[in-house]
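Please keep the sequence and the three-dimensional view at hand while reading.

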Amino acid sequence: MRFGGKNVLVTGGASGIGRAAAIKMAQEGARVLVCDRDQEKGQATVQTIEQNGGLASFQEVDVAIEKSFKEAFQYAKGTFGSLDVLFNNAGVGGNEKKLHEIEESEWDQIVDINLKGIFFGLKHAAQVMIEQEKGAIVNTSSLLGFKGKKRTGPYNASKGGVITLTKNAALEYGRYGIRVNAVAPGVIDTPIVDNWREDERKWKLIASANALGRLGKPEEVAEAVLFLASDQASYITGETLLVDGGGLTF
Ligand SMILES: NC(=O)c1ccc[n+]([C@@H]2O[C@H](COP(=O)([O-])OP(=O)(O)OC[C@H]3O[C@@H](n4cnc5c(N)ncnc54)[C@H](O)[C@@H]3O)[C@@H](O)[C@H]2O)c1
């Protein structure tokens, strides 16, 4: 039970990778605060955890709004008494457009959630974890944080930013016993890639553009998240772990 007695906050816990990680952490003994802007699906994650005999609760959060995200940390601290792990994971894709076609509001919508939201998570988790002098944070970046791709500029920029911010935070908080890492998933079978599925021919190419020649499962990313968040990774910080089936190698 790697997470026995540990308190964990997961953003984007209503779906996909966040849901898979929340369920796995609870199975390994964690008490999980599932945070998401989707209340119905977030509650469904809590229900699944409880049906499996685990402990979880839900908090409605928009990670792009500091007040909303901060309240989740206040709830975690007030109810749990401590916060051992933050999985800073909520994110959105975006419309496929070239840079010159993107409106400022579209840029802001993606970057505010995918990068500013990560900053808010780091900021408020650090405030709790510095006092405790321990903690582990895992941010979600992307394979697209490492490479260019046509028509996904704001997404790539936000995910590249997450990789660098992970290093900043690791440096700033390492001396307080806080580790900060990231996962960079390749193409994973979750609703975020639904718009790519519409063109069947293109989707087959996208889903197999990696060394393993297949789509990843959210549970496969969750395994990497659990490792980085656990004491097994006690000397790993500032790292971004690709979980991409060899997508960057391809
Ligand atoms: N699936 C992939 O292929 C893939 C690849 C690389 C990176 N990622 C990243 O993984 C993370 C999880 O995505 P996923 O694949 O599980 O997708 P998903 O759509 O299944 O889950 C994303 C979750 O984030 C929540 N969310 C979105 N905006 C939010 C906000 N402002 N506040 C709170 N919650 C919000 C959604 O409601 C949803 O529950 C994202 O950061 C995504 O960019 C996914």
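The model is predicted: local features need pLDDT of at least 70, side-chain atom pairs count only at pLDDT 80 or more, and totals for chains, interfaces and linings use all residues. Residues are numbered from 1 along each chain as its sequence is written, and side-chain values use heavy atoms, with hydrogens and water left out.

**Nonpolar cores**

A nonpolar core is a set of buried Ala, Val, Leu, Ile, Met, Phe, Trp, Tyr and Cys residues joined through side-chain atoms within 4.5 Å. Buried means under 20% relative accessible area, exposed over 50%, and partly exposed in between (1.4 Å probe, protein chains only). Helices (H or I, at least four residues) and strands (E, at least two) are DSSP runs, numbered from the N terminus.

The largest nonpolar core has 31 residues, of which M25, V32, I49, F87 and V183 touch the most other members. Among the elements that each supply at least two residues of this core are β1 (7-11), α1 (16-27), β2 (31-36), α2 (39-51) and α8 (218-229). A second, separate core of 30 residues includes L33, A72, L83 and V128. In soluble globular proteins, nonpolar side chains tend to be buried together.

Contact means heavy atoms within 4.5 Å. Leaving aside residues up to four places away in sequence, I49 touches A22, I23, A26, V32, V34, G54, L55 and A56.

The expected span of a helix is 1.5 Å times one less than its number of residues. The table gives the reach from first C-alpha to last for two helices.

| Helix | Residues | Reach | Expected span |
|---|---|---|---|
| α1 | twelve residues | 17 Å | 16 Å |
| α2 | 13 residues | 18 Å | 18 Å |

Helix α1 is mostly covered, with ten of its twelve residues buried. The buried residues of α1 include G16, I17, K24 and M25. Their cover includes β1, β2, α2, β4, β6 (178-185) and α8. After α1 comes G29, which has a positive phi near 105 degrees.

In α2, the buried residues are G42, T45, V46, T48 and I49. They fall within an arc of 160 degrees seen down the axis of α2 (the arc is that of the directions from the helix axis to the C-beta atoms), so they line one face of the helix. On the other side of α2, E40 and Q51 are exposed. The cover over the buried residues of α2 includes α1, β2 and β3. G53 follows α2 and has a positive phi, near 90 degrees.

**Two loop residues**

E133, in the loop between α4 (104-132) and β5, is not a glycine, yet its phi is positive, near 60 degrees. E133 counts as exposed because its relative accessibility is 58%.

R151 lies in the loop between β5 and α5 (153-173). Although R151 is not a glycine, its phi is positive, about 70 degrees. R151 counts as partly exposed because its relative accessibility is 37%.

**The ligand**

Which residues are closest to the ligand? They are S15, I17, D36, Y155 and T190, among 29 residues that surround the ligand; a residue is near a molecule if one of its heavy atoms lies within 4 Å of it. An N or O atom in the side chain of D36 is 2.6 Å from an oxygen atom of the ligand. A backbone N or O atom of V63 lies 3.0 Å from a nitrogen atom of the ligand.

Technical notes: Polar contact = N/O pair within 3.5 Å; in protein donor to acceptor, adjacent residues only side chain to side chain.
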